[in-house]
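The sequence and the model are shown first.

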Amino acid sequence: MSPLAAEITIIEARPSHIRTIASRMRAADREEVFAASGRSPLSALCFSYRHSSLAWTALFDGRPEVMWGIGDINILTGIGAPWLLGTDAVEKNFRGFLRISKDWPAQLLSHYRLLRNVVDARNAISIRWLEWLGFRLFAPVEINAHPFHLFEMGEADV
């Protein structure tokens, strides 16, 4: 690790992490949650946390910078909606972030047979990351007059 790289620790998400991440949420994530739901960063993180069956926070040098989790779309058929919202620390420490995130899909697929959600078509960095993880992205569809890509990954994809 280079001297400038942050030490990244993953812990179970806590409500106390929400406000510090929301107050510094990266612009692309703020724009995405507003376009999809009309929610503020704080409201989006609170909603996502409350509706998740599993949720984690990544601490960069001890500070909450990224929160992610998964909520149930259909518990009977095993479909979950993964989500992730973070600060600019993700892009500043992208190598470390890639390293800690590479196994997330397989971990989530140990609880769900299919992962599915949408990503703002303008969110180029998130789209590249999802493709790097192995998610399939589909042609854009309009949600609230904004283009979003459906993305998904199933058990057979890992």
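## Second largest pocket

The lining of the second largest pocket draws at least two residues from each of β4, α4 (89-92), α5 and α7. Helices (H or I, at least four residues) and strands (E, at least two) are DSSP runs, numbered from the N terminus. The model is predicted: local features need pLDDT of at least 70, side-chain atom pairs count only at pLDDT 80 or more, and totals for chains, interfaces and linings use all residues. Residues are numbered from 1 along each chain as its sequence is written, and side-chain values use heavy atoms, with hydrogens and water left out.

A pocket is an open set of points on a 1 Å grid over the protein atoms alone, where a 1.4 Å probe fits, with protein on both sides within 12 Å along at least five of seven lines; lining residues have an atom within 4 Å of a point. Of the 15 lining residues, F94, F97, L98, I125 and W129 are closest to the centre of this pocket. Helix α7 gives the most to the lining, with 5 residues.

## Helices α5 and α7

Helix α5 (residues 94-101) packs against helix α7 (residues 124-133) at about 40°, with the axes 11 Å apart. Axes are lines fitted to C-alpha atoms, for helices over the stretch in contact, and angles run from 0 to 180 degrees between N-to-C directions. F97, L98 and S101 in α5 meet W129, W132 and L133 in α7, where contact means heavy atoms within 4.5 Å.

## Largest pocket

The largest pocket is lined by 35 residues, and P82, W83, L84, N117 and V118 lie nearest its centre.
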